[in-house]
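Dear colleague,

I am passing the structure below on to you, and after it I set out what was found, with the cut-offs behind each term.

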Amino acid sequence: MAILELEDVHLDYAGSHGKTVAAVRGVSLSVESSQIIALVGESGCGKSSLARCAVGLVATTSGAVRFRGEPIGHKRRRTPDEVRLQLVFQNPYSSLNPRRRVGRQLADGLKHIAVPKGEWPGRVTAALEHVGLSAADARSYPHQFSGGQRQRIALARALATSPEVVVLDEPFASLDASAQARLANLLMRLRSELGTSFVVISHDLSLVMHIADIVAVMYMGRVAEIGPAEQIHDNPVHPYTKALIAAVPIAGQIGKLPVGLGGEVPDPTNVPPGCSFHPRCRFAFDKCRSDDPPLISAGESRQAACWLMELDHGKDSRTDHDTIEVAP
Amino acid sequence: MLKQPLTIISIVIIAAWVILAIAAPWIAPDSPNYTGFAALQAPSAAHWFGTDDVGRDVLSRVLWGARATLPASVILVACASAIGTVIGVVAGYIGGWVDSTLMRITDLFFSFPAVIFAMAIVAALGPSLTNSVIAITAVSWPLFARIARSVVLNIRSADYVLVRRLLGGSTREVIAMDVMPNVIPSVVVVGALYLGEAALLFSGLSFLGLGVRPPTAEWGAMISEGAAHFNAWWMALFPGLALMSIVVAFNLLGDVLRDLLDPTSGRVVTQTAATA
Amino acid sequence: MTAQFEVQDLSVELDGPAGTVCVVDSISYSVDSGKVLGMVGESGSGKTLSVLGVLGLLPGGARARGSARLNGRDLMALKPRERRQVLGKDISVVLQDPYTSLHPMLTIGRQMTDHVRQHLRVGKSEASDIAVRLLHEVRIPDAHTALGRYPHEFSGGMRQRIAIAMALACGPQLIITDEPTTALDPTVQADVLRTLRELQLAEGLGWIIISHDLGVVSALADEVVVLYSGRIVEAGTASELLTRPRHPYTRALLDSLPDAGHKELVTLRGVVPSPANRPPGCAFHPRCRFSTQECAEKVPVLRELADRRLLACPVDPLRKG
């Protein structure tokens, strides 16, 4: 049973010069309990906008977002039930109030879910210990901690309310390698121990694919490919996914230059007709230029928004490291 | 920080004046309004600061003058900052036409030179100590409104404000728990730094005859009287020194408060350099 | 054109609130023309400050000692004005942040031609030609029009390309890049690195890549030095060091990388020490599971092993591979 459901979500907003930014163009996603879902993509793909819609911070232009079966609101104050759907922001330096002690900030959500005041210190301590910090840290101020620790404090604040789903927006971006590894391990452990589900948004492919159960790759406001992480890692079928994976150099592979993707960087105010990826895709053919592909089945539990799936080219998983192809 | 010499000096000066102001009725050698002494006497053993043109002891008047300037400055800044903070927070948080309207009003007040505007208000209300405090408050609140508003605008989009909403908080809570703890320290610092300016404005109005009414002892008024008797240098010098000392002390206090109240200041540069 | 860049016993000190702190402790390395040196380390390792020290770009309150010779000429012994002539001409630097590496108020054309004319003493139109040629080489579309545009009109990846074009404009012998692609998306990063690599090979430049990303270093470097807390702990050829690391820290860095296996990632306990709190002896010893009493007392000396490997670890626990 899905705890969080996004159904055909669209989000447009007004950009500069009167142009409309089509940030999200029809995304459906469902999150079950004890799951880690990775939402990967590059700048302009709409993943952050989707995250804010998913937790109700921003209203969708169309489409539904349901948490435990109920539509979530965004204008009014959140109900205690809705508090079980949390978001951890990207920047650990601005998501904590610099003037308040850590313990007080962690307890902020508790009164809204009717936890008696006497239990607050216990819950705060438990949350801090879950993320590998200690009870004594509750008395300190945010600036006394490193970026990685602040990110964990922000996560602890979300965990204090015993959420069922936590969305994390680029949680690894401001952290160094060891802090990233610790946070990744933490998410996996919390998923197993608490049954909490995490939706992790990142452009750091290797890290999220390591921890995720399901990976959804986004391009220009749409899901390009979605499926189990191992399958997408070992055998990506959507040309964009292939390009994204080929672009990340792997440690230990000496001299293997990553391959880029030529063409124009996506501009959400100017979505190409047909498949939005076709101008940069070397497999593009006529149908791609005129018809926008929906998500098509590409194996059990896997889907890709690519007309190649109909042609059964999906089995081809070349990842090159030698030539750069710039689409004409 | 608290051990820096400037901090200690400012605290000592302010504390000294507070004590002197409170104790003036008892420690002043003479009554400030008694005009029986010989006029225009240079400083001597009998009159440490000399006497003024109508035969009053200048030292006593300087001590009693503190009882006008100090409370007036503090009350004035307290009122102006309170009014300005409310207006600034409302404008910054609600935004939209409320913000535009309030800011245009603020700009209107801001665009007049403070002293002229205060003079106009006092002239309309009639010169008195109370009215000059009102006038200067009316002229001073826009500064605080702007400060409060800019702090609110900075914070409004900060993630931790959104977090409170995520955790189920209401708008009122956001303002009380996230906005105000950031606004208040900034306002307090600006307020402390403004105390000196307030003291000068207040004395300035009295200097122009628009503040306290004679024969009340007040430093600005005394300087004004002294200006007419330039050879009796002691008449203007001592109240002038008193005013200067309190303004300097207020300014130093403002610096100290700013360093104290910002938990992250001063440490940023060395840390980033060390982690590069 | 062969060139050699040789750094010897470089140290950088910072004045902190609690006294002077040594952030780079006597490091030495060299780069030949046409070769790529990867400088690996996490934040706090001193890698950026070491380069700033060589180039004379340290912030106030910081000092550098040691020597840095480009073709025999010691940059650190030069007067500031002479050093400025070298910087941008013989040695170029591309820094991390694509949003601040270019002046926001000047057009690209103006910035590039100013730079070229300052170092090469050519006329305006020749400088303009050089600028267009370079923008073309870094694959900026419509180079002529681009000259008239401002940095904010370009994306992050394009801005880094422009910064690279400026770095190459005066024909340097050595280029130093400090995490130039970290803030960029993966496909954009791949593009930019490829472009830079092609240009580097074509011009036979020496290249120092400063990065914490072992994938990037694996793809590009010939030689690698690993920095920890201001000291070199291991150095060697990329192919050997990154596949058969000998220092426990290098090994830990490689082990902690994700491999899509869903297993718990290996992490080191503790954190990189701040330079003011560097542990005595080997800076890594509190976090090292092989550390001995000797490690806690004596700073390990960088010894040369077979196979041109340098190692600062008396225990050498991984020697059997």
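**Findings**

B:Trp233 is partly exposed, with a relative accessible area of 47% (buried means under 20%, exposed over 50% and partly exposed in between, with a 1.4 Å probe and protein chains only). This is a predicted model, in which local features need pLDDT of at least 70 and side-chain atom pairs count only at pLDDT 80 or more, whereas totals for chains, interfaces and linings use all residues. Residues are numbered from 1 along each chain as its sequence is written, chains are lettered from A and ligands numbered from 1 in the order in which they are written, and side-chain values use heavy atoms, with hydrogens and water left out.

B:Trp233 is found in helix H9 of chain B, residues 233–261 (helices are DSSP runs of H or I with at least four residues, numbered from the N terminus).

Turning to the interface, chain C and chain A bury about 3200 Å² between them, 59% of it on carbon and sulfur atoms (the accessible area, with a 1.4 Å probe, that two parts lose on being put together, summed over both). Of the area that chain C buries against chain A, 23% is supplied by C:Thr187, C:Arg194 and C:His262, more than any other three residues. The contact (heavy atoms within 4.5 Å) takes 43 residues from chain A and 38 residues from chain C.

Across this interface of chain C and chain A the rule finds zero salt bridges (a side-chain nitrogen of Lys or Arg within 4 Å of a carboxyl oxygen of Asp or Glu). On the side of chain C that touches chain A, helix H7 (186–203), helix H8 (214–220) and helix H9 (238–241) of chain C each supply at least two residues, and H7(C) gives the most, with eight residues.

Best regards
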